[in-house]
Amino acid sequence: MSIEIKTNSAEPIRHTFGHIARRFGDKPASRYQEASYDLEAKTNFHYRPLWDSKHTLNDPTRTAVQMEDWYAVTDPRQFYYGAYVGNRAKMQESADTSFSFCDKRNLLTRLPESTQKQLLRLLVPLRHVELGANMNNSKIAGDVNATTVSQMHIYQAMDRLGMGQYLSRIALMLDGSTGTGLDESKGYWMDDGLWQPMRKLVEDTLVVDDWFELTLVQNILIDGLMYPLVYEKMDQWLGENGAEDVSMLTEFMRDWYKESLRWTNAMMKAVVGESEANAKLIQSWVDQWEPQAYKALTPLAETTVGTEALDEIRAQLTTRLNKFGLQQSQGVAA
Amino acid sequence: MATKNKKLNLKDRYQYLTRDMAWEPTYQDKKDIFPDEDFEGIKITDWSQWEDPFRLTMDAYWKYQAEKEKKLYAIFDAFAQNNGHQNISDARYVNALKLFLSGVSPLEHAAFQGYAKVGRQFSGAGARVACQMQAIDELRHSQTQQHAMSHYNKHFNGLHDAAHMHDRVWFLSVPKSFFDDARSAGPFEFLTAISFSFEYVLTNLLFVPFMSGAAYNGDMATVTFGFSAQSDEARHMTLGLEVIKFILEQHEDNVPIVQRWIDKWFWRGFRLLSLVGMMMDYMLPKKVMSWSEAWEMYYEQNGGALFKDLERYGIRPPKYQDVANDAKNHVSHQAWSTFYQYSQATNFHTWMPEKEEMDWLSQKYPDTFDKYYRPRFEHWDKEHAEGRRFYNNTLPQLCQVCQIPTIFTEKDDPTMLSHRQIVHEGERFHFCSDGCCDIFKHEPEKYVQAWLPVHQIYQGNCEGEDVETVVSKYYHINIGEDNFEYIGSPDHKRWLAIKGESGGNKADSTDQDAA
């Protein structure tokens, strides 16, 4: 038997805001809809930016990609701010448990010195890649108009900062919170040949103007190769080399990457599928950048899991690109 | 890893977790990665001197913010389920929310965009992280405000198309152009304008009146948002203070540039606050405090102490501060009078204060209300009672800078408009004050671009040849529902029905004459 409390319902004049009703009809709308559609200023801007002679404020031509309506891009996770922080709070809670456990049981500090060094050389420097990703996504959030698109990129920016901080904490756990491990690790990033193609690639992305080109390079091409390589293949390899315990400290990254595929795939599908012109333009960017991402990761793969593993991941990325209607890059063959 | 080094203290640990992730680039020129740091003339000698205004890592941010959101949405849900809109003091109060949603919430969104941009532009990683956290906080404010107002929108008029109106409606170019000005400026001016002048110096004069107004008038949804945003605002204020001190300490040549920005953004902020002043004094059925008291407490006292503190950097209080201090006895009355006669073209209602409210105003404004404003109101009241509710059918002259109609008066003569004009490159421009005129003179090439709503109507760019068509077609203001006098409006009638009273008030049938 169920109990139903009678409530006094008041007759509304309308069910949602005008801009929401124009898109979805005059019916009760979801929290995601009321928070994400048509909130930004679109027209009648008063002054031109002093820092950009080519565009107005909130200018849709900050990318060469053209969409009839950028709101064709939506977030399958339905993240508005509250849903986003709620989800991440749960993820950080389980990461927190793992970090405390590792710390308390000395799971990292009891590793052989050579293994610790490997972590500082092969894993921790990725915090710098994350910082680049943080900057790139903050730029995109500031350049995009449609709130469905801009909000996904600010969430992405903050996630990257968070993951850079988790990687940093691995070093802090190793060096007893003195920072010497971080200094050592940063030395590899700056000077070790292993990292230079990657560091150059990251610095190159920092001067890309077109925000869609940038989200493609950062969030699809680099991440699409790097996350599976580092957090799946290399994770396994570290396990085989006596550092299996570090795996619980990168669980956040695996969960995060799996989730990020949902919105990046939805965005790519909508944008490439919009027009031939978009597909052609984006293909040219894939041709230009994908080989560089591959090259940037090659030394890391060679030192750890081997290039076959990277090639396997590259084939998976190609399959993914095919689903959007794109082809394998025309650059260096896989 | 055996180590004898000292454990990091909190400050150093946080720097390792933020700015140590950045590095000196070698494959790209730093100036190409950060091209916007020089053109404003600000010199930064050492970004490492930046003191983190707060030390939140992302895991802590997610955790604390998620807890706040959970509580906030539980209250929004309960508010809607229990029809909390029926518990407010009076439906006139909702007009403050209409002003808030169309005038203020879009600024939260513009702030999100602006901070995301500067969160990339600065070469100091500590400053970038602080700006990015503010960006996502502002996105939060933009979205939770939509959700807080969602239920009111269903039961009252005028809240249904806020972002659309913000881009178009004449009086909303006042807030819109304010933020466009800041966002089209360089990154250091943006931070001085928004983080310092707005979020630090003037925030208590924007945020507190609306949120305390909600508390005094039984609006649980809005006041809950206010409580929830308080700790975000505390972070934003800390950033504002850190920014200004950092820029000033970096190079002595920065001092005059910053002083000019402080002068400009104080004046622009003060003009924007005219809207808040009238909201406080006239739109809240239950008063919190008078605008004059709020200005005295939050600007003259708190601001006075702040600028005293900044003296050691060579900074003096904002120019024309004396004019603003004197205007506290006039601006809310002048603004309300303006909106009263132009509410055929607003998304909210206006009305004449009731007798007790006028007595309150006499008491709060002993030197000005009875002398200058009460007679005007009594006259309009009488006209209304006789079926001639006054609407002004001639559009006003707008100030070229703040874009408010030129309604403000000389400091020593409240009966004389402080109109100013100059000719620039053969064209004539008008201002409400010396403050706005100075701002124009320094950057005329910027302000000649302004999209002045009245001019645009006359140029035929607002989809109508008469005001009524512009209002309905271009603004999406529903004539006879969203606009005009409160008495006799659909909101008024619906409220009386909720309270179980029939109309019967004065002028029930004359609500739209002369429009």
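How much area do chain A and chain B bury between them, and what share of it lies on carbon and sulfur atoms? In this predicted model, chain A and chain B bury about 8400 Å² between them, and 58% of that area is on carbon and sulfur atoms. The size of an interface is often given as the accessible area lost when the parts come together. The contact draws 94 residues from chain A and 96 residues from chain B. On the side of chain A, the residues A:His46, A:Tyr47 and A:Tyr81 supply 11% of the area that chain A buries against chain B, which is more than any other three residues supply.

Within chain B, helix α7, which covers residues 173-184, is mostly covered, with twelve of its twelve residues buried. Among these buried residues of α7(B) are B:Phe178 and B:Phe179, and also B:Lys176, B:Asp180, B:Asp181 and B:Arg183.

| Helix | Residues | Residues in the contact |
|---|---|---|
| α15(B) | 331-341 | B:His333, B:Gln334, B:Trp336, B:Ser337, B:Tyr340, B:Gln341 |
| α17(B) | 369-385 | B:Phe369, B:Tyr373, B:Arg376, B:Phe377, B:Trp380, B:His384 |

By class, the contact of α15(B) with α17(B) has six nonpolar residues, five polar residues and one charged residue. Two packed helices are described by the angle between their axes and the distance between the axes. For α15(B) and α17(B) the angle is about 15°, and the axes are 11 Å apart. Because angles under 35 degrees count as roughly parallel, α15(B) is roughly parallel to α17(B). The crossing in which α15(B) passes α17(B) is left-handed.

Definitions and conventions:
Residues are numbered from 1 along each chain as its sequence is written. Chains are lettered from A and ligands numbered from 1 in the order in which they are written. This is a predicted model: local features need pLDDT of at least 70, side-chain atom pairs count only at pLDDT 80 or more; totals for chains, interfaces and linings use all residues. Side-chain values use heavy atoms; hydrogens and water are left out. Buried means under 20% relative accessible area, exposed over 50%, partly exposed in between (1.4 Å probe, protein chains only). Helices (H or I, at least four residues) and strands (E, at least two) are DSSP runs, numbered from the N terminus. Axes are lines fitted to C-alpha atoms, for helices over the stretch in contact, and angles run from 0 to 180 degrees between N-to-C directions. Angles under 35 degrees count as roughly parallel, over 145 as roughly antiparallel, 65 to 115 as roughly perpendicular and the rest as oblique. A crossing is left-handed if the near helix is turned anticlockwise from the far one by less than a right angle, and right-handed if clockwise. Contact means heavy atoms within 4.5 Å. Ala, Val, Leu, Ile, Met, Phe, Trp, Tyr, Cys and Pro count as nonpolar, Asp, Glu, Lys and Arg as charged, and the others, Gly among them, as polar. Buried area is the accessible area (1.4 Å probe) that two parts lose on being put together, summed over both.
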